[in-house]
Amino acid sequence: MTDTTPKNAPYAVAEEYVTNFREYGFTHIPGLIAADEVARWREIALDTIESDGRRAGMGGGGTALRTTSDPWWQHDSLSGLVRHPRVGAVAEQLTGMPLRVWSGQAYAKHPHDEVPTIWHEDLTWTPLDSPVNVNAWIALVDVPVERGCLVFLPNSHKRPGPHRADTVAAKSNATTYMFAEWPELEWGPRVTVPVRAGDVTFHLSTVGHSSGGNTSEEARLAFITSYTGATAVFQPRPGHLHLDKDLEPGQPLFDDRYPRISSFT
Ligand SMILES: O=C(O)CCC(=O)C(=O)O
């Protein structure tokens, strides 16, 4: 990752976040989205999950995590959040690379869905060849520890490769595959990151992470935008599912469905 001056300079965050992101593989940026804007997106995300939600594939182990159905471009209501200029600009600043959207979905972990999200990294589940993949996890409500905030394995992106597990094997042992594949990760430090509504955490696809169950009385509501390198190529491995039937293996991503951050207004 090289240092670049972000195109959207007014949206740039302090250099300490860039340093943290590159050192640990994730960073937490408080208050990136203003309170009134978050309130609006919270309503829209909830409505979209209620009208067109499904059970999230990432749950493993029985969590009832609900998500808006893929692909994001079928939900006009969510387009403004997927193309959020500040969130996109920060993703490019952190990675130092030109990026495009890969996916964007709202997720609700309902009260007393107490099953944690499995330990995983995202690369194994991503049917792309790309110089970088990064997720922005946008908190639409306050997420204290008891509501199931994210837990990261700092520095886990620096482990020796290969960084992808076999997707078919990982699927059949979803709750245990990560520590089975990279046993040393089980014994490293873990960082639990409670967040306020409007905060955003960013993490690389090679970083191990999970989240706790929701033992609280309120839904945990978040929006996850996944970005990939502007030059990314669709390259599914055995076991990958992807709903865009117009994409052929080896093909670059279409600008209309996978917009470049530089095209956001
Ligand atoms: O929201 C969660 O529980 C997990 C999120 C996640 O895995 C991700 O953002 O990559």
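Good morning. I begin with charge: the protein carries 23 positive and 32 negative side chains, and the centres of the two sets lie 2 Å apart. Here Lys and Arg count as positive and Asp and Glu as negative, with His and the chain ends not counted; each charge is placed at NZ of Lys, CZ of Arg, CG of Asp or CD of Glu.

A word on the source. This is a predicted model, in which local features need pLDDT of at least 70 and side-chain atom pairs count only at pLDDT 80 or more, while totals for chains, interfaces and linings use all residues. Residues are numbered from 1 along each chain as its sequence is written, and side-chain values use heavy atoms, with hydrogens and water left out.

Now the overall fold. The protein has 6 helices and 13 strands; these are DSSP runs numbered from the N terminus, with helices (H or I) of at least four residues and strands (E) of at least two. Its radius of gyration is 17 Å, close to the 18 Å that the globule rule gives for 265 residues, so the protein is as compact as a globular protein of that length. That radius is taken over C-alpha atoms, and the rule is 2.2 Å times the number of residues to the power 0.38. Of the 265 residues, 52% are buried, meaning under 20% relative accessible area with a 1.4 Å probe, counting protein chains only. Among contacts with a separation of 6 or more, 83% join residues 24 or more positions apart; a contact means heavy atoms within 4.5 Å.

I turn to strand 7, residues 133-139. How many of its residues are buried? The count is 7 of 7. N133, N135, W137 and A139 point one way, while V134, A136 and I138 point the other way. In a regular strand the side chains alternate between the two faces of the sheet.

Finally, S205 is found in the loop between strand 10 (200-204) and strand 11 (209-211). Is S205 buried or exposed? S205 is buried, because its relative accessible area is 6%. Leaving aside residues up to four places away in sequence, S205 touches E121, D122, L123 and N133.

How values were computed. Buried means under 20% relative accessible area, exposed over 50%, partly exposed in between (1.4 Å probe, protein chains only).
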